[in-house]
Amino acid sequence: MPHHRSAARVSSFGTSIFAEISALAVQAGAVNLGQGFPDFAGPAWVKEAAAAAIAADLNQYPPYQGLPRLREAVAATWRAHGWREVDPAHEVTVASGATEVIFAAVQALVDPGDEVVIFEPFYDAYLPDVVMAGGVPRLVRLHPPVGVARPLAPDDGQSAPDVTEGSPSAGAGQRPSPWWFDPDALRAAFSPRTRLLLLNTPHNPTGKVYTRAELELIAGLCIEHDVVVVADEVYDQLVFDGATHLPIATLPGMWERTLTVNSTGKTFSLTGWKIGYGVGPRWLNDALRAAHQWITFSTATPLQVAAAAALEGALENGYYAQFRAEYAERYGLLRSMLHEAGLPTLPTEGSYFIMADIAGRGFRSDAEFCRWLISEVGVAAIPPSAFYANASDLPLLARFCFAKRPETLRAAGERLRSARTPR
Ligand SMILES: Cc1ncc(COP(=O)(O)O)c(C=O)c1O
């Protein structure tokens, strides 16, 4: 008889709430605004490039660093955005999705006992990535806008407004970001053992876009403590309402200590392709490549060809502006649907998620609300507690995804309106 015992490093990983929510949503025939992926097709010209690459027999292993054409397209994208001249030979590495870039980077940089600063809530892979490397997470809370989690008066008959106040970490004279962190809490999270800080902007699940002042504060601490930043910027093209995405790698002194992570999944609505890349100084790419060569070694050749075509094409054909405009419409549509259903929303500056305030409706937890929403209303959302290491003392919110067709959002809206009265 084999011992049915997993290694300690994975023994604490249960099935994620996403699997539970997805299964419940299928069972109940719910409109799924839970998991973050589009229910519409990616651009035809990109799909055609993949089909053509397969037909042209570009189907064998590519170089483990990534296809030169794709690395050049990434460098051209950085140049076009005005971020930096990047050397595609040594400063760009392709892997299987942003997820693998981050996993490989953490494996490459974190020794057992090293500490990693992570803002909480966080994209759910970060914690297991650190735990599997034997690292120690140091969590810093992002707080919702002041005034959130106020109970919503039942039957007030009004459309629910945005919740917009508060932002102590934004800095004077800057656009306030509604989600904020305490600068002293961040300072206190650094120690002589700190090796890495994992940053995500625009941020999942809150929709926060870090301000220049916040990024400068983070950069100053990382320079002072000689800490590397892994900056997950997969939503960099999804910013709204005047927010500006600023890559932390472009701040003074940060290029040499930052690995910027992106992927074609979100930007080209092709999440199943899992083509990601890391951009940073040569020493960080060497470290990343050292780990990546023993994880997947290399990533699907024809999809890399198509990812290169996507990045090249987007610089020429106005794709990014159209992409943002379409998403701004989806954002507006879902927000008004939620308001009509009596759910106040927090402002989304970036990403394709809206956080709705579910306080005052008689639910003890966000998971309880989301289970009820699926079974009784027929709409799936994600409980943000899934993005915290410790689910105590959380605001009562639910995360809705607007990477959906207008008809999907309207169908969800109809169901939500019919369930307007709280339990
Ligand atoms: C913040 C963040 N990083 C990374 C990913 C995953 O990217 P990829 O599919 O390229 O691995 C996601 C997907 O939801 C995400 O929200």
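**Entry 1: helix 3.** I began with the length of helix 3. At 1.5 Å a residue, its 12 residues should span 16 Å, and I found the end C-alpha atoms 16 Å apart, which agrees. I note here that the model is predicted.

I then looked up which residues of helix 3 are buried, and listed Val 46, Ala 49, Ala 50 and Ala 53. They lie on the same side of helix 3, because they cover an arc of only 95° around the axis. I next asked what the buried residues of helix 3 pack against. The partner is helix 11, residues 301-316. Turning to the other side of helix 3, I recorded Ala 44, Glu 48, Ala 51 and Ala 55 as exposed.

**Entry 2: after helix 3.** I checked the backbone following helix 3 and came to Asp 57, which has a positive phi, near 65°. Further on, I placed Pro 63 in the loop that runs between helix 3 (44-55) and helix 4 (68-80). Is Pro 63 buried or exposed? I counted 12 C-beta neighbours inside 10 Å; a residue with 12 or fewer is exposed, so Pro 63 counts as exposed. I also took the separation of Pro 63 from Pro 202: the two are 139 residues apart along the chain, and their C-alpha atoms are separated by 31 Å.

Entry 3: I examined strand 8, residues 276-279, for the direction of each residue. Gly 276 and Gly 278 point one way, whereas Tyr 277 and Val 279 point the other way. I found all of these residues buried. In a regular strand, side chains alternate between the two faces of the sheet.

I then traced the pairing. Strand 2 (residues 92-95) is joined to strand 8 by four bridges, and the two run antiparallel; I located Ala 95 opposite Gly 276 of strand 8. Strand 7 (residues 258-263) also runs antiparallel to strand 8, with four bridges joining them. In that pairing I saw Thr 260 opposite Val 279.

**Entry 4: the ligand.** I asked how many residues surround the ligand, and which are the closest. There are 14, and the closest are Gly 97, Ala 98, Thr 99, Asn 204 and Ser 263. I looked for the element that gives the most to this shell and found helix 5 (residues 97-109), with three residues.

Definitions and conventions
Residues are numbered from 1 along each chain as its sequence is written. This is a predicted model: local features need pLDDT of at least 70, side-chain atom pairs count only at pLDDT 80 or more; totals for chains, interfaces and linings use all residues. A residue is buried if 20 or more other C-beta atoms lie within 10 Å of its own, exposed if 12 or fewer, and partly exposed in between; C-beta atoms are placed from the backbone. A residue is near a molecule or strand if its C-beta atom, placed from the backbone, lies within 6 Å of it. The expected span of a helix is 1.5 Å times one less than its number of residues. The arc is that of the directions from the helix axis to the C-beta atoms. Two residues are in contact if their C-beta atoms, placed from the backbone, lie within 7 Å. Two strands pair if DSSP finds at least two bridges between them.
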